[in-house]
Amino acid sequence: MGTAQSREDAELSDSDEYKEEEEEDDEEEEYEDADEVLKPQSISSAKSTGTASAVDDVDAKLKALKLKYGSSSPSQIPNANNAVKLYLHIGGNTPRAKWIVSEKLTFYAFLKTSNVDGDSDDDQEDEEDGYKANSSGGRGQLRWILKVGGKVRALVSTEMQLKMFGDQRRVDFVNKGVWALKFPTDEQYRDFVTKFQDYLFENVYGLEATEENKVKIYGKEFIGWLKPEVADDSIWENADIEFGKSPSSSVRTKQDLIEEFEEAANGGVQSLTLGALDNSFLVNDSGVQVYRNLSHGIHGKGISLKFGAGNSPNSSRSTPKKGLLMKAETNMLLMSPLKEGKPHASGLQQLDIETGKVVTEWKFEKDGTDITMRDITNDTKGSQLDPSESTFLGLDDNRLCQWDMRDRRGMVQNIGGAADNSPVLNWAQGHQFSRGTNFQCFATTGDGSIVVGSVDGKIRLYSKTSMRQAKTAFPGLGSPITHVDVTHDGKWILGTTDTYLILICVLFVDKDGNTKTGFSGRMGNKIPAPRLLKLTPLDSHLAGTDNRFHGGHFSWVTESGKQEHHLVATVGKFSVIWDFHQVKNSAHDCYRNQQGLKSCYCYKIVLKDESIVESRFMHEKFAVSDSPEAPLVVATPMKVSSISLSGKR
């Protein structure tokens with residue numbers, strides 16, 4: 001376990017050169033000569049005013065070298081404006097890690113093709129300057145790819161994890177390895193970034209990246225998402241002040257991660273359910289393991305509530321994938337999917353934690369018809385602490401509702417009886433949407449407002465009084481939202497996608513000058529641009545084959561006036577931690593020299609030896625005096641660890 005410090009941000013060096021054995025001697029000499037034009041010292045001294053002369057020098061060098069491109073197709077002929085130096089990162093995160101020169105002089109091209117993988121000789125491609133191709137040619141969908149010489153061929157997508165270094169005229173990205181391109185002039189660098197973003201838009205939405213099409217996709221209200229430079233960023237800085245709070249005073253300038261406990265988890269861990277009182281729980285293949293909450297993490301009590309063996313009215317159900325605490329954390333609702341690999345469930349089991357018994361199995365039903373749910377959550381951030389709690393929220397692909405465990409006359413239903421006569425949950429309120437909303441995930445604020453994420457990337461905000469129509473609907477950036485969280489006060493939303501987290505500020509000023517959230521009213525046309533939280537290309541590559549983000553969370557508070565200090569998400573073998581205050585700071589170093597939406601790459605990594613199931617911060621009351629945060633709990637299939645953040649001001 002430890003923090004990873006990426007070495008990829010270092011200035012690129014030409015001290016190490018990469019030459020393939022099959023290269024001819026004369027080609028090596030050509031690249032050496034070409035490097036005289038593109039070597040770092042001459043690049044770093046080039047100013048934007050010298051763009052024309054730099055390009056002329058490259059063009060003259062190409063002619064002098066008489067590179068053999070005369071017989072190539074037009075899309076393959078190199079252009080001096082597309083000349084780059086290509087680097088490859090080797091050594092991973094070992095002490096020997098470094099950048100090496102892969103190609104001293106090569107050329108990039110954006111090509112539109114149906115042969116994305118390049119596994120066919122019939123590679124019909126269009127030049128980037130035209131939109132000649134269409135999908136009626138019978139070769140499948142045409143999409144933009146990036147080619148760099150003969151070594152890189154990548155679909156233009158967020159999976160490339162492209163990172164920009166404007167001050168170095170450089171971009172890094174992932175494509176079966178970690179690569180870097182360095183451009184001879186500022187103009188060429190900016191041209192590349194602009195084209196990449198435009199072609200990314202087209203690949204996601206199937207529309208050319210014109211202003212008209214961008215407004216069509218996002219709407220006029222979200223123009224700041226398309227043009228962050230015109231968005232009002234002041235709301236990020238003023239968010240705490242507007243609501244009568246100053247920026248967190250508990251943020252430390254230096255924080256270290258200290259592993260307090262690591263214990264075996266009896267294998268097969270499916271989910272982590274943290275409690276704010278005495279206990280927390282791991283749901284695994286055989287049952288529910290009980291852990292005691294301590295100031296330095298969770299510690300096993302040696303108690304396991306087993307499934308089956310007469311404990312459950314219906315022990316044939318598959319292993320529960322989620323546990324939800326209720327009734328002052330004395331009960332847990334367990335959801336078991338109908339089919340492996342699918343989240344939908346037709347009902348749930350109610351576990352009495354004090355007796356260790358499953359006391360009933362509830363059915364999801366509306367108007368006499370069995371229905372399914374894909375997720376459940378508490379009515380509010382802190383309602384699991386309410387001993388009288390009898391309601392909870394449910395979500396399916398096109399349903400959002402509240403379930404009540406009491407019958408319509410207000411009496412608690414009889415939970416005895418045979419398994420085939422399971423009591424039916426009362427649909428208390430909600431809405432079945434006729435069109436495909438494709439809901440994926442949801443979360444609640446401290447007052448019961450609801451945020452919902454969808455497959456199409458949209459994030460909808462519902463007030464606590466109506467589930468029929470969203471007060472605000474954010475368009476997203478095209479990637480499915482797989483998990484969503486919201487702060488207790490409802491001011492900030494964190495959406496998780498496979499390749500990045502999106503942090504949204506939902507504050508706005510109404511026509512009367514009052515500051516409100518998007519849960520209470522429509523935000524108008526002054527919607528601030530979101531911020532993205534990403535891994536560097538190197539860390540994304542090192543995270544392993546399962547390098548997709550999941551389960552992004554804020555740290556956990558359940559009282560008004562308390563503030564979240566950190567964000568955490570899981571990707572492969574990494575738990576990734578961001579400082580919330582730092583992400584909100586518009587003057588943060590990460591945001592310099594960026595083009596487009598601000599992306600934060602400053603984080604700490606907890607590395608485990610197997611893929612992580614879930615990472616969550618304990619309730620804020622378990623933070624000790626010398627720590628800026630409650631311990632982080634990290635669950636893998638075989639182990640559970642508790643990590644404390646410590647530091648000095």
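Analyst: Two strands pair if DSSP finds at least two bridges between them. Strands (E, at least two residues) and helices (H or I, at least four) are DSSP runs, numbered from the N terminus. This is a predicted model, in which local features need pLDDT of at least 70, side-chain atom pairs count only at pLDDT 80 or more, and totals for chains, interfaces and linings use all residues. Residues are numbered from 1 along each chain as its sequence is written, and side-chain values use heavy atoms, with hydrogens and water left out.

The strand examined here is β10, which spans residues 279-283. Five bridges join β10 to strand β11 (residues 287-294), and the two run antiparallel. Within this pairing, Asn-279 stands opposite Arg-292 in β11. Three residues lie between β10 and β11, which form a hairpin.

β10 also pairs with strand β9 (residues 271-273), in the antiparallel sense and over three bridges. Here Phe-281 of β10 has Thr-273 opposite. A hairpin of five residues joins β9 to β10.

As to accessibility, buried means under 20% relative accessible area, exposed over 50%, and partly exposed in between (1.4 Å probe, protein chains only). By this criterion β10 is mostly covered, with five of its five residues buried. Asn-279, Phe-281 and Val-283 point one way from the strand, whereas Ser-280 and Leu-282 point the other way; all are buried.
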